[in-house]
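Me: I'd like to learn how to read a protein model, one feature at a time. Could you start with how hidden a side chain is and what it pairs with?

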Amino acid sequence: MLITLMLVMFTAIADFMIMMPLASYLMAEFQINTAHFGLLVSSYSLAAGCSALLASSQADRFDRRHALLFCYGGLMLATLACALSNSYVTLLLARVLAGVFGGVLGSISLAIVGDLIPPERRGRAMSWVMLGFSLSAVAGVPLGLWLAAHSGWRLPFLVLTGICAVVALAIYRYIPSVRGHLASLNHEANWLDNYRELLRVPNHWWAVSLTAMLMASGFLVIPFIAPTLIANVGLASEDLMYFYLVGGAATIFSRPMIGRLTDRYPAKKVVAYLVLASFIPIILVTQNLAVSLPWHLAISVLFFIFVSGRFIPSSTMVAAATQPHLRGRLMAFNSAVQNFASGAASLLAGLILTQESNGHLANYGWIGALSCGAGLLAIVVARKIKAVS
């Protein structure tokens, strides 16, 4: 079950992440600037946020397996639409559609883990599911870059659509029916009552605020790593995939370790140490140091381990911050906040970053400083969250 959920996360994250390393291809083909590309990235996140916000009222009314199958099928069709896009506008619309369905997949998957895995093993279970991020970085993004370099940017989306079809069969086969939360659900409550029940709990607000700060910290920087490495550092496009490959491979080993630490020590302390450690690679990445490829790969390892690793203890804290009959709604609301925060951060970074006449992308260092500031706020917020179940 956990492996299937990991593959769901892998394809969903690959669908989102593949846009960022394809920046140079898309900017060249559609003749768009950094602000337009920032909108391509943020459109997915903002659409995902809207769909997750709607799911915040209704997420606990359905068998979680059925909800997962429905939304995953929608993501598969939207990914195919991306491959068939013939203009910037049609690609933008396809990304919006992908965001509508992809925006709730993470929350459904984590709600399943929260319902079926006991608290004392939940950190390790979360780390297994979140290995999907590592697989995306190790296999999905480098493969997408290789396919784009040899056959154009459309082929990665076509291949991803085929992989989604296989994973959909795995969901049907290996994900059990999850209906235990329906026993304590008030079926007579309307959608507004459901929102009130969810949002009147202060602990829920602290939990989603932690996610917002971490997403803002990460996605101020992440969307423009690839274009700045090419434009500012002079890294060859064919070498770019190694940045994701090596960094993602490191997280295959680091994520289970972070999961064990989350089960052994207070999650809020694990979050704090990971956030502080993440400042080192964030600053190094945004300074665009003129060093050789091996040094950039070392920075990549630190970036992937610490920046992505922060979400294991934070997701564990969010899942534990509510009662089971509210968990689906909280995870959906958390996903909405997550997507709004990442979309807003990507859009803000695209506006701050400016392209000079020689092609150099300026102000990336200031974006790194903002990222660290958001991380410090995350540490403060994490101290306010209480574990409930």
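Reply: The areas themselves come from the Shrake-Rupley method with a 1.4 Å probe, and for residues only the protein chains shown count as cover. Keep in mind that this is a predicted model, where local features need pLDDT of at least 70, side-chain atom pairs count only at pLDDT 80 or more, and totals for chains, interfaces and linings use all residues. Residues are numbered from 1 along each chain as its sequence is written, and side-chain values use heavy atoms, with hydrogens and water left out.

Me: Which residue does R64 meet in a salt bridge?

Reply: The general idea is that side chains of opposite charge can pair when their charged atoms come close. The rule here asks for a side-chain nitrogen of Lys or Arg within 4 Å of a carboxyl oxygen of Asp or Glu. R64 meets D115 that way, at 2.6 Å from N to O. R64 lies in helix 4 (residues 64-83) and D115 in helix 6 (residues 105-116), so this pair ties together parts that are 51 residues apart in sequence. As for helices, they are DSSP runs of H or I with at least four residues, while strands are runs of E with at least two, numbered from the N terminus. R64 is buried, at a relative accessible area of 4%.

Me: What else forms a salt bridge with D115?

Reply: R327 does, with the closest N and O atoms 3.3 Å apart. R327 sits in helix 17 (residues 324-352) and D115 in helix 6, so the pair ties together parts that are 212 residues apart in sequence. R327 is buried too, with a relative accessible area of 2%.

Me: How many salt bridges does the structure hold?

Reply: There are 6. Another one of them joins the side chains of R154 and E29, at 3.6 Å from N to O. R154 belongs to helix 9 (residues 154-174) and E29 to helix 2 (residues 23-29), so here the parts tied together are 125 residues apart in sequence. Both ends are partly exposed: R154 has 28% relative accessibility, and E29 has 42%.

Me: Now the surface. Which residues gather in a patch of positive charge?

Reply: Patches are built from residues with over 30% relative accessible area and no salt bridge; like charges are joined within 9 Å, and nonpolar side chains (Val, Leu, Ile, Met, Phe, Trp, Tyr) within 5 Å. Lys and Arg count as positive and Asp and Glu as negative, while His and the chain ends are not counted. Each charge is placed at NZ of Lys, CZ of Arg, CG of Asp or CD of Glu. In this model, K268, K269, R383 and K384 form the positive patch on the surface. R383 is in the segment after helix 18 (364-382), and it is exposed, at 64% relative accessible area.

Me: And which residues make the nonpolar patch?

Reply: L39, L347 and L351 make it, covering about 250 Å². L39 is in helix 3 (residues 34-58) and is partly exposed, at 33% relative accessibility.

Me: How far apart are the end C-alpha atoms of helix 15?

Reply: First work out the expected span, which is 1.5 Å times one less than the number of residues. Helix 15 (residues 293-309) has 17 residues and should span 24 Å; its end C-alpha atoms are 23 Å apart, which agrees. Its buried residues include H296, L297, F303 and F304.

Me: Last one: which residues other than glycine have a positive phi?

Reply: Most residues other than glycine have a negative phi. Q31 has a phi near 55°, and Q31 is found in the loop between helix 2 and helix 3, exposed at 67% relative accessibility. N363 has a phi near 80°. N363 lies in the loop between strand 2 (361-362) and helix 18, and is partly exposed at 33%.

Methods:
Buried means under 20% relative accessible area, exposed over 50%, partly exposed in between (1.4 Å probe, protein chains only).
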